Amino acid sequence: MGPMDLQSVQIALDARVGRMQYVHLETTNGAYAAHREEGAMTVCAYIRNGRIEFERGTIVGDGPYRVGLKMQIGWIYAEGLTDFEVDAKGRLLMAGYDSEGRLAIALELSDEPFAM
Amino acid sequence: MERHVLVVFPHPDDETFGTGGTIASFTKAGVPVTYACGTLGQMGRNMGKPFFATRETLSEVREKELRAACDALGIKDLRLLGLRDKTIEFEDREVIADQLLSIIEELNPSLIITHYPGFAVHPDHNALGAACVRAVEKLPVAKRPVVYGHAFARNREEFIGSPDVTIDIHDVAETKLEAVRAHRSQSENVIARFEEALKNKEAAAQFGPSMFTESFYTMKFA
């Protein structure tokens, strides 16, 4: 995984238009957020292996970047993406890492289900 | 001297950060230690500093790190329970308790170390700790091993008082540090503090006593 390259990511998104995809989408501020700081909330959400199809997928921004996937009856949105990779299995992995190397958000698309 | 110690935690690194010194003290004395690790910590957000793992490679990375940490701590028997990070509290507790019960019956440990349910901060800690306590409750009273609960919720003393077991780990602090280092993806952004704590008394006081003592609550059963 390395820094976002808008052109490569856009090509990878375009290639997936109209094709059934498995999606992994998550955001987290860490399981210990509330423990470390009084008054803070621990916030996390993830969907693993949602099955989607989108008609338009776009990456925008100056970094960190945003990705929007327009579906027939809805949207998938992710903000704060810093790094990407098309891995050996052809999956498009995008994530936002903070200055401590911690993952804060991830958006991944794959033809095959992600491992449980 | 203990006959056999069974450690039950949900994530690779729980055994090291919370109880690595205690485990190392047991294995150094020749006591066999088994670690039943619930998940591969596949949803962790730490991936090294700078990061060297992705969401999809993290489980493999952490399993390797766990095996290296077990080598450092002298754990020769590692059982992976195959649960998924962050989901234990949503599973059927009885099913997990039965899975643990079969390990307990097989090993006949004299001591089990797990998280103190309700006072271990992470939902996975609380859920697996509760399943472990449930497993022990299923045993006839005479056959139950002693169970140490590891608790670190900020409000613990208010509800459960002070821990009744404190283990001095000065002798094995370097071993604990080696295991912390083995969990590279999880420790790279805190390792400097651990190293400083070993060298410098002031830093140790600031960082907390976890390099020199580890504390537990002996769990009570009805």
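What follows is a set of questions and answers on this structure.

Trainee: What kind of model is this, and which pLDDT do local features need?
Mentor: Residues are numbered from 1 along each chain as its sequence is written, and chains are lettered from A and ligands numbered from 1 in the order in which they are written. This is a predicted model in which side-chain atom pairs count only at pLDDT 80 or more, totals for chains, interfaces and linings use all residues, and local features need pLDDT of at least 70.

Trainee: How many residues of chain A are in contact with chain B, and what classes of residue does chain B bring?
Mentor: Two residues are in contact if their C-beta atoms, placed from the backbone, lie within 7 Å. On that basis 15 residues of chain B touch 20 residues of chain A. Ala, Val, Leu, Ile, Met, Phe, Trp, Tyr, Cys and Pro count as nonpolar, Asp, Glu, Lys and Arg as charged, and the others, Gly among them, as polar. The chain B side then has 4 nonpolar, 5 polar and 6 charged residues.

Trainee: How are helix 7 and helix 9 of chain B oriented to each other?
Mentor: Helices (H or I, at least four residues) and strands (E, at least two) are DSSP runs, numbered from the N terminus; axes are lines fitted to C-alpha atoms, for helices over the stretch in contact, with angles from 0 to 180 degrees between N-to-C directions. The axes of helix 7 (residues 173-182) and helix 9 (residues 191-199) of chain B come within 11 Å and cross at roughly 170°. Angles under 35 degrees count as roughly parallel, over 145 as roughly antiparallel, 65 to 115 as roughly perpendicular and the rest as oblique. Helix 7 of chain B is therefore, relative to helix 9 of chain B, roughly antiparallel.

Trainee: Which residues of helix 9 of chain B meet helix 7 of chain B?
Mentor: The residues of this contact divide into 6 nonpolar, no polar and 1 charged. From helix 7 of chain B come A173(B), L177(B), V180(B) and R181(B), and they meet, in helix 9 of chain B, I191(B), F194(B) and L198(B).

Trainee: Which residues of helix 3 of chain B are buried?
Mentor: Helix 3 (residues 58-73) of chain B has 16 residues and spans 22 Å from first C-alpha to last, close to the 22 Å expected at 1.5 Å a residue, where the expected span is 1.5 Å times one less than the number of residues. A residue is buried if 20 or more other C-beta atoms lie within 10 Å of its own, exposed if 12 or fewer, and partly exposed in between, with C-beta atoms placed from the backbone. The cover over the buried residues includes helix 1 (14-17), helix 2 (20-28), strand 2 (33-37) and helix 7 of chain B. The buried residues are L58(B), S59(B), V61(B), R62(B), E65(B), L66(B), A69(B), C70(B), A72(B) and L73(B).

Trainee: Is strand 1 of chain B buried or exposed, and what stands opposite F9(B)?
Mentor: All 5 of the 5 residues of strand 1 (residues 5-9) of chain B are buried, so the strand is largely enclosed by the rest of the structure. V5(B), V7(B) and F9(B) point one way, and L6(B) and V8(B) the other way. Two strands pair if DSSP finds at least two bridges between them, and strand 1 runs parallel to strand 2 of chain B over 5 bridges.

Trainee: Which strands of chain A stand at the edges of the open sheet?
Mentor: This open sheet has 3 strands in the order 4-5-6, with antiparallel pairing, and the twist averages 10° from one strand to the next. Each edge strand has a single partner strand, so one side of each is left without a neighbour in the sheet; the edges are strand 4 (54-60) and strand 6 (74-81) of chain A.

Trainee: What is omega for the cis peptide bond between G63(A) and P64(A)?
Mentor: P64(A) is in the loop between strand 4 and strand 5 of chain A. The cis bond from G63(A) to P64(A) has an omega of about -10°.

Trainee: Is V121(B) buried or exposed?
Mentor: V121(B) lies in the loop between strand 4 and helix 5 (123-137) of chain B, and has a positive phi of about 70° although it is not a glycine. With 20 other C-beta atoms within 10 Å, V121(B) is buried.

Trainee: Is N108(B) buried or exposed?
Mentor: N108(B) is placed in the loop between helix 4 (93-107) and strand 4 of chain B, with a positive phi near 50°. Because 11 C-beta neighbours lie inside 10 Å, N108(B) counts as exposed.
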